[in-house]
Amino acid sequence: MTTSQTRSQSPVRAESAEHEHTWSTESRHPTSSGDVLYVRCGICGIRRVDLQSRLDTPPAPLSRMVGVASDVAR
Ligand SMILES: [Zn+2]
């Protein structure tokens with residue numbers, strides 16, 4: 001007698017179910033403030049517009065933190 005207490009999988013609701021959107025870029029449009037990305041979820045198909053700033057790295061501080069004797073993080 002194997003009573004496996006597996007949680008019954010909730011039926012997958014195609015569109016309104018909570019899921020982690022899998023955004024895939026459909027198109028990219030460079031603007032003055034960065035790249036505007038038109039992304040679409042491959043699961044539910046909703047679209048979203050992202051703005052990706054050109055600097056994908058955080059702004060470099062002009063001066064290093066004083067007191068931190070560490071190498072430059074690369
Ligand atoms: Zn989705």
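Welcome! This is a predicted model, and the protein chain has an average pLDDT of 74, with 49% of its residues scoring at least 70. Color the chain by pLDDT before you go on. Where pLDDT is low, the predicted coordinates should not be read in detail.

**Stop 1: the whole chain.** Switch to a cartoon view and select everything. You will find three strands and zero helices in the protein chain. Starting from the N terminus, the order is β-β-β. How much of the chain is buried? Of the 74 residues, buried ones make up 0%.

**Stop 2: strand β1.** Now select residues 23-31, which form strand β1. This strand is hardly covered, and the count of buried residues among its nine residues is zero. β1 also has the highest mean pLDDT among the elements of the chain, at 92.

Stop 3: For a close-up, which residue of β2 is the bridge partner of Arg-28? Select Leu-37 and you have found that partner. While you are there, show the side chains: in a regular strand they alternate between the two faces of the sheet.

**Stop 4: strand β3.** Finally, select residues 47-52 to see strand β3. Its mean pLDDT is 89, the lowest among the elements of the chain.

**Last look: contacts.** Zoom back out to the whole chain. Among contacts with a separation of 6 or more, residues 24 or more positions apart account for 7%.

Technical notes:
Residues numbered from 1 in each chain as written. Predicted model: local features only at pLDDT ≥ 70, side-chain atom pairs only at ≥ 80, totals over all residues. Helix = DSSP H or I, 4+ residues; strand = E, 2+ residues; numbered from the N terminus. Buried ≥ 20, exposed ≤ 12 C-beta atoms within 10 Å, placed from the backbone. Contact = placed C-beta atoms within 7 Å. Pairing = 2+ DSSP bridges. pLDDT = per-residue confidence, 0-100.
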